[in-house]
Amino acid sequence: MIPLRDHNPSRGTPWVTWTLIALNVAIFASYAPLFADPRALMALLAQWGVVPAEVSSGAGLSGLVTSQFLHGGWLHLGFNMLFLWIFGDNMEEAWGHLPFLGFYLGCGAVSGLAQVAASPDSLVPMVGASGAIAGVLGGYVLLFPRARVDVLFIIVIFFKVVPMPAWLMLGIWFGLQLLGGVAADPDAGGVAYWAHAGGFVAGVALTMPLWLRRGGPAFWARTQGAPPHPEARYRRIRSHVPAAGRRRGPHASVAVRGPWG
């Protein structure tokens, strides 16, 4: 389930969102050669990432911010930047440029603390913008629960683009993070599910005053949960899954290991 775009155009230029994307890509490119030297890579991630055992002892607190600009691979970076590209512009417009930057970094810091709480003695560094972006998703679903999002579903070699409301798509995503957090061992590395869940909850909580200033439930009633402006219209993408035909006759046949935030 991969979001491709939303139908919620922003009316201004999302300078902060674009700058965050550019910074993440540039920083990753600057240390990408270290993937050929796992020991040097791990030293870099331990220095600038969130090491739960250090944060638990009161050290390494700067990693709660610097870790948000490090990623464990191109795929990790790509998916994070895709989510930020789709949902960041609307949240930046809602907050304003500098307040949005504070919101983004604050959600990322809270997400790091959530991962520390889940595995306080772990020495595995956590890196990634996922927690901050999860906060963007939490705020988005509060302000625009019925904004349409085009989601790509891939089934083996077939694909289908399905428009669905933001509350459903992001609700499924959040549920998967909770399930992953319950099922996974936070000390074993891998995906930092609790960081994602913590960032999402932080995004909802921090956006709540903004939502209430807009009228809260009355804001939803005025817009039916949709964006308070005309939605973007795209040329419809048709994808066809061929039906299996029936033939008559006897010949018919029927990377660096770590919790990536």
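E93 counts as partly exposed, at 31% relative accessibility; the class covers values between buried, under 20% relative accessible area, and exposed, over 50%, with a 1.4 Å probe and protein chains only. The residue forms a salt bridge with R11, and the closest N and O atoms of the two are 3.1 Å apart. A salt bridge here is a side-chain nitrogen of Lys or Arg within 4 Å of a carboxyl oxygen of Asp or Glu. The pair links distant parts of the chain, 82 residues apart: E93 is in helix α5 (residues 74-95), R11 in the loop between β1 and α1. R11 counts as exposed, at 62% relative accessibility. Helices (H or I, at least four residues) and strands (E, at least two) are DSSP runs, numbered from the N terminus.

This is a predicted model, in which local features need pLDDT of at least 70 and side-chain atom pairs count only at pLDDT 80 or more, while totals for chains, interfaces and linings use all residues. Residues are numbered from 1 along each chain as its sequence is written, and side-chain values use heavy atoms, with hydrogens and water left out.

The structure holds two salt bridges. Besides the pair of E93 and R11, D150 forms a salt bridge with R5, with 2.8 Å between the closest N and O atoms. This pair also links distant parts of the chain, since D150 lies in strand β2 (residues 148-155) and R5 in strand β1 (residues 2-6), 145 residues apart. D150 is buried, with a relative accessible area of 6%, whereas R5 is partly exposed at 23%. Side chains of opposite charge can pair when their charged atoms come close.

The protein chain as a whole has 10 helices and three strands. From the N terminus on, its elements run β-α-α-α-α-α-α-α-β-β-α-α-α. Of its 261 residues, 45% count as buried. The accessible surface comes to about 13500 Å², and 67% of that belongs to carbon and sulfur atoms. Accessible areas come from the Shrake-Rupley method with a 1.4 Å probe; for residues, only the protein chains shown count as cover.

Helix α1 (residues 15-31) has 17 residues, which at 1.5 Å a residue should span 24 Å; its end C-alpha atoms are 25 Å apart, which agrees. The expected span is 1.5 Å times one less than the number of residues. Buried in α1 are V16, T17, L20, I21, N24, F28 and Y31. Seen down the axis of α1, these buried residues fall within an arc of 140°, so they line one face of the helix. The arc is that of the directions from the helix axis to the C-beta atoms. W15 and S30, on the other side of α1, are exposed. An α-helix has 3.6 residues a turn, so residues three or four places apart point the same way.

In helix α2 (residues 38-48) the buried residues are L41, L44 and L45. They cover an arc of only 95° around the axis, which puts them on the same side of α2. The face turned away from this buried side carries the exposed residues R39 and Q47. L41 has a relative accessible area of 1%. L41 and Y31 are 10 residues apart in sequence, and their C-alpha atoms are 8.0 Å apart in space.

C107 is buried, with a relative accessible area of 0%.

On the surface, M1, F153, W167, L168, I172, L176 and L179 form a nonpolar patch with about 640 Å² of accessible area together. Patches are made of residues with over 30% relative accessible area and no salt bridge, where like charges are joined within 9 Å and nonpolar side chains (Val, Leu, Ile, Met, Phe, Trp, Tyr) within 5 Å. Helix α8 (residues 166-183) gives the largest share of the patch, five residues. L179, in helix α8, is exposed with a relative accessible area of 60%.

The unreviewed UniProt entry carries the annotation "transmembrane region" for residues 12-32, 69-88, 100-118, 124-144, 151-173 and 193-212. UniProt positions are given in the numbering used here, feature names are shortened, and annotations may be inferred rather than shown by experiment. In the model, residues 69-88 are 75% helix and 0% strand, with end C-alpha atoms 16 Å apart. Residues 124-144 are 67% helix and 0% strand, and their end C-alpha atoms lie 36 Å apart.
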